[in-house]
Amino acid sequence: MKHEARHDEILAELLTGASPRESFEASELASCAACRELAEAHLGLAGELDAAGGFERAQLAALADDDAAIELGPAEAEFRRRVLRDLGLERQARGGPGALLGLLVAAAALVALLVVPKMIGGEDDDGGPRMGGEKELLAPVEVVPGETYGTFRWRYPLPERGWFLVQVHGEDGKITTSPRLRAHEWTPDPEEEASWPDRIRWTLEVYDGSRGSRVFDALSTSAERSSD
Amino acid sequence: MVAFQNKRLGGSLDAGELEDLVQETLTQIWRKLPDYAGDGALESWVFRFVYFEVLARLRQLRRVPQLLDEVDDPPEPEAAEAPGAFEYERLHLALERLDAEAARIIRLKHYDELTFEDIGARLGVPTNTAKTRYYRGLAKLRGLLEARWPEPTAGEEGGA
């Protein structure tokens, strides 16, 4: 089907309605290539945002659990008491602003917990990596003939004591992550790959172990497998 | 929490450093509290604020922890890293570059899991307006993300 201007309005309606994917597939727009591409991009990003929201809610839940479960030692209890006093919340019971304070402390702790192991190496003065050399995702890209995506390959200078991670994003927001890799290729487990959709987006993350941080110009591309 | 953190980090941060970090962040939160728009969950706002403020602070410390000194025999990622953390940050950075209204609606939809009816009610706009702003906002967000992580082959084959 050829794309028409009226499709845009219908597409917006479908993608912001109930069960957007099902509504789209059931509509006349499903046979319009341009609409399908827009719908896939929209739903893919919506899936990623759902996953990010899930991440945030999970961290908040973990914080609440940890905060409730932890038994403070004398030094930490004194620190907490001092902060509460300084903020004028000394007499607040848990469940009120005191709980919020607990959350703040917990959140700060969680952030340190999450990022210290891998990120406090800092960044270069210009905020980017000092890596030079050619950087390119080689395969799979565009349409891949056959029933599998094959071996993932890339060109990227491996940082000193660094490693690569490949992340494969399905259209439902599901993310598959490779093990840490030193080679410039990775062949996913066939069983895992079988569960992926026929169109994926994959990202190459690069870590610089000597600085303890991720290199931030990650590369990303899309690929589609086709047995036609 | 402090005890929990020390336990999990195996003493990677000393108590004084951690105390400074927490106190400074708390002070900043208190200062920034008036910026809270009031339409999303306060806990979520606080979490985001603290998460990224402390993240920025930690990156300034330029200290390599013991864990990453052992990359010659690196553990599997799920043990040492928070799954989804990088995606969370990537989307956060893009949302921060989006206009505030669109970012608010997208967060209310996906992070706070509100319906468009609820979003409209919270923002004082009709449901269809909330939907339209969301849809346009998501398209802009996609553009921002693609500009940051170019997809040279995407979109070529799907044109009309």
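**Figure 1. The order of helices and strands along chain A.** Starting at the N terminus, the elements of chain A follow the order α-α-α-α-α-β-β-β-β-β-β-α-β-β. That makes a tally of six helices and eight strands. Keep in mind that everything shown here is a predicted model. Chain A has 228 residues, and 51% of them count as buried.

Figure 2. Is Leu14(A) buried or exposed? Its relative accessibility is 16%, so Leu14(A) counts as buried, the cut-off for that being under 20%. Setting aside the neighbours within four places in sequence, Leu14(A) touches Pro20(A), Ser23(A), Phe24(A), Ser27(A) and Leu29(A). Phe24(A) sits 10 residues away from Leu14(A) along the chain, and the C-alpha atoms of the two are 6.1 Å apart.

Figure 3. What is the form of the peptide bond from Ala139(A) to Pro140(A)? That bond is cis, with omega near 0°. Next up is Glu142(A), a residue of strand S2 of chain A. Glu142(A) has a phi near 55°, which is a positive value in a residue other than glycine. Both features are worth a look, because most residues other than glycine have a negative phi, and most peptide bonds are trans. With 48% relative accessibility, Glu142(A) counts as partly exposed.

**Figure 4. Thr176(A) in strand S5.** Thr176(A) has its place in strand S5 (residues 175-177) of chain A. Its relative accessibility is 10%, so Thr176(A) counts as buried. Which residues does Thr176(A) contact, once its neighbours within four places in sequence are left aside? They are Val166(A), Gln167(A), Val168(A), Glu192(A) and Trp196(A).

**Figure 5. Chain B and its helices.** Now for the other chain in these views. Chain B has nine helices and zero strands, so from the N terminus its elements simply read α-α-α-α-α-α-α-α-α. Of its 160 residues, 47% count as buried. Chain B exposes about 8,000 Å², and 48% of that comes from carbon and sulfur atoms. Among the contacts in chain B with a separation of 6 or more, 56% are between residues 24 or more positions apart.

**Figure 6. Helix H6 of chain B, mostly covered.** How many of the 13 residues of H6(B) are buried? The count is 10, so H6(B) is mostly covered. The buried residues of H6(B) are Ala85(B), Phe86(B), Glu87(B), Tyr88(B), Glu89(B), Arg90(B), Leu91(B), His92(B), Ala94(B) and Leu95(B).

**Figure 7. Helices H7 and H8 of chain B crossing.** This view shows helix H7 (residues 100-110) and helix H8 (residues 116-123) of chain B, whose axes come within 10 Å and cross at roughly 135°. That angle makes H7(B) oblique to H8(B). The crossing of H7(B) past H8(B) is right-handed. From H7(B), the contact involves Glu101(B), Arg104(B), Ile105(B), Leu108(B) and Lys109(B), while H8(B) brings Phe116(B), Ile119(B) and Leu123(B).

**Figure 8. Glu113(B), between H7 and H8.** The loop between H7 and H8 of chain B holds Glu113(B). What is the phi of Glu113(B)? Its value is near 55°, positive in a residue other than glycine. Glu113(B) has a relative accessibility of 52%, so Glu113(B) counts as exposed, a label that calls for over 50%.

Terms used
Residues numbered from 1 in each chain as written. Chains lettered and ligands numbered in written order. Predicted model: local features only at pLDDT ≥ 70, side-chain atom pairs only at ≥ 80, totals over all residues. Heavy atoms only, no water. Helix = DSSP H or I, 4+ residues; strand = E, 2+ residues; numbered from the N terminus. Buried < 20%, exposed > 50% of the residue type's maximum accessible area, 1.4 Å probe, protein only. Contact = heavy atoms within 4.5 Å. Areas by Shrake-Rupley, 256 points an atom, 1.4 Å probe, with all protein chains shown as cover. Axes fitted to C-alpha atoms, helices over the stretch in contact; angles between N-to-C directions. Parallel < 35°, antiparallel > 145°, perpendicular 65-115°, else oblique. Left-handed = near helix turned anticlockwise from the far one by under 90°.
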